[in-house]
Amino acid sequence: MTVKAIIFMIIMLGIFWGGFICLIALTAKFERNKKSRKNVDD
Amino acid sequence: MTGPKKDTNSKKEYFSSRWMLLASVLGMAIGTGNIWRFPRILAQNGGGAFLIPFSIFLFIWSIPLIMVEFSMGSKSRKGVIGSFIYFGGKKTAWMGAFVAFCTIAITFYYSVVTGWCIKYFIVSTIGGFRGLDTTAVSESFSQLTSSWQSVGFQFLALMTGCIIIYRGIVHGIEKVNRILVPSLFVILVIGAVRVITLPGGVLGLNFLFNPDFTSLKDYNVWLEALSQSAWSTGAGWGLVLTYSVYLKKREDIILNSMITGFGNNSASLLAGIVIFGTVFALSPSADIASSLVQTSGKASTGLTFEYLPSLFNSMPGGVVMGPLFFLALTFAAFSSLISQIELGVRNLMDFGCTRKRAVIFLGVIAFVLGLPSALALGFFENQDWVWGLGLIVSGFFFSIVAIKYGVDKIRRNLLNKKTSISTGKWFTIVVSVLIPLQFIVLISWWFAKSISWDEYWWNPLHKYTIATVVAQGGAVLIVFLFLNKKMVKAIERFNDDS
């Protein structure tokens with residue numbers, strides 16, 4: 001595999017897989033906060 | 001505007017959690033297009049460099065349209081036609097009907113493809129491809145696509161889909177996607193790891209990720225990237241809108257839309273790694289592998305249904321990899337098929353049908369109208385061409401309705417109100433300027449291209465002509481324009497009655 005291809009692969013997988021995983025983690029965090037707020041309200 | 005009043009059909013069900021909604025929307029977006037279309041289009045359009053325009057169009061076509069769809073469905077609580085009336089006024093019901101019809105017309109032949117996937121999974125599991133070369137697999141595919149066997153598998157796919165939709169959102173769609181979507185990702189990851197560890201598998205990665213930036217000067221690469229992004233994410237099909245009818249009120253539309261887009265493209269990349277890795281590792285030479293991945297074959301299915309089964313034969317561990325690959329393909333196809341059935345059912349329910357009646361009606365219609373595609377590959381190819389193009393028109397209709405309602409109003413009142421991330425003015429510019437512009441460029445290019453490749457472009461009976469698109473799409477548009485008032489009245493009457 002060429003160096004150019006390796007760098008491009010890291011960028012692309014970073015954008016999509018990295019982005020996807022970060023967004024899922026962010027959603028999990030918001031959902032946890034929502035749940036704990038709801039528990040406090042109850 | 002005719003906002004929703006009481007509607008017993010749409011009031012009852014919601015996705016039980018945000019995760020279930022996301023699983024269902026991802027299941028809708030990740031379909032066979034990610035697994036068989038994406039690698040072929042990438043290979044034919046500059047290899048790795050294709051990923052650049054493909055990524056750009058995710059942000060200037062797919063994600064904004066997904067946001068519009070989420071906003072429309074969750075606000076109006078109606079299917080596509082009802083949502084278009086709510087957002088664009090009574091005179092836009094025909095546009096909504098066209099969007100719905102396009103997706104349902106795709107369901108007719110998509111159920112056939114889902115049937116083929118099921119058949120390939122079964123045959124590869126019982127070892128039916130063992131010892132067969134490409135010619136033999138190709139012959140068996142030809143037999144499948146012109147026989148009643150294809151009809152049988154289409155019936156199986158549709159019947160299973162209808163049973164799931166009949167069970168409703170929580171007990172049907174949610175339960176199935178809870179299993180299908182995570183399994184699909186796991187299978188793709190296992191496949192990717194396996195092919196990378198094959199001798200020569202890395203050559204496939206090199207092909208996938210080696211960017212030839214000069215190919216970006218070719219406008220075809222950009223236009224193919226736009227069409228792939230539109231088809232692959234399902235933006236503008238009305239499917240996200242349909243699922244968002246069942247969204248709980250306090251949901252974060254922007255984050256959900258981003259997850260849908262990023263998740264879809266991540267699955268495409270994984271599928272690309274699996275396909276390119278397999279083909280490059282198992283082909284006699286890199287040149288042969290390169291030409292194989294660019295081959296369309298019959299109905300653009302050559303690589304998936306003709307070459308891969310024979311390649312799996314020569315792969316160490318292919319006995320497991322083959323069935324796993326076709327299982328992933330079946331899961332991808334099936335999770336998309338059920339969302340298409342739900343779109344039709346939701347619209348019929350807006351006209352006052354019960355879920356049971358709507359499912360039976362749609363199932364029978366889809367089976368009967370899918371028969372020509374199941375029995376004649378030429379008809380299948382024609383329908384794929386006509387309604388695939390129709391989807392781009394659908395995306396354009398969404399932007400028209402959003403402009404009519406007020407894109408900035410959508411941004412401020414629907415997107416930025418219940419969100420953890422807010423969207424800026426870029427959204428307004430993209431939806432009101434860039435999407436219509438992309439539509440005009442793409443449609444003009446397609447028409448010009450098809451005139452150049454087919455001397456019979458004026459003949460509506462030829463499968464890949466402009467004339468056939470104009471004749472079929474135009475006929476549907478005229479019928480819905482004629483029925484516009486009746487559709488509005490029927491939806492309003494049902495709302496008043498209930």
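**Burial and overall form of chain B**

I began with burial in chain B of this predicted model, and I found that buried residues make up 58% of its 498 residues. I then went through the secondary structure of chain B, which has 21 helices and zero strands. The radius of gyration of chain B is 22 Å, close to the 23 Å from the globule rule for 498 residues, so I noted chain B as being as compact as a globular protein of that length. Along the principal axes, the C-alpha atoms of chain B fill a box of roughly 65 × 50 × 45 Å. I also looked at contacts in chain B between residues at least 6 apart in sequence, and 83% of these join residues at least 24 apart.

**One residue: B:I187**

I picked out B:I187, which sits in helix α9 (residues 168-196) of chain B. For B:I187 and B:L327, which are 140 residues apart along the chain, I noted a C-alpha separation of 8.3 Å.

**The pair α8(B) and α17(B)**

Next I looked up how helix α8 (residues 148-166) and helix α17 (residues 355-375) of chain B pack, and noted an angle of about 160° with the axes 10 Å apart. Since angles over 145 degrees count as roughly antiparallel, I recorded α8(B) as roughly antiparallel to α17(B). The crossing of these two helices, α8(B) and α17(B), is right-handed. On the α8(B) side the contact includes B:F155, B:L158 and B:C162, and on the α17(B) side B:V359, B:G363 and B:F367 are among the residues that take part. Sorted by class, the residues of the contact of α8(B) with α17(B) are twelve nonpolar, four polar and two charged.

**Where chain B meets chain A**

Turning to the other chain, I found 20 residues of chain B in contact with 19 residues of chain A. On the side of chain B that touches chain A, α4 (51-76), α10 (201-209) and α13 (253-282) each supply at least two residues, and α13(B) gives the most, with eight. By class, I listed ten nonpolar, eight polar and two charged residues on that side of chain B.

I went back to α10(B), where eight of the nine residues are buried, so this helix is largely enclosed by the rest of the structure. Among the buried residues of α10(B) I wrote down B:L203, B:N206 and B:F209.

Methods. Residues numbered from 1 in each chain as written. Chains lettered and ligands numbered in written order. Predicted model: local features only at pLDDT ≥ 70, side-chain atom pairs only at ≥ 80, totals over all residues. Contact = placed C-beta atoms within 7 Å. Helix = DSSP H or I, 4+ residues; strand = E, 2+ residues; numbered from the N terminus. Nonpolar A, V, L, I, M, F, W, Y, C, P; charged D, E, K, R; others polar. Buried ≥ 20, exposed ≤ 12 C-beta atoms within 10 Å, placed from the backbone. Rg over C-alpha atoms; globule rule 2.2 N^0.38 Å. Axes fitted to C-alpha atoms, helices over the stretch in contact; angles between N-to-C directions. Parallel < 35°, antiparallel > 145°, perpendicular 65-115°, else oblique. Left-handed = near helix turned anticlockwise from the far one by under 90°.
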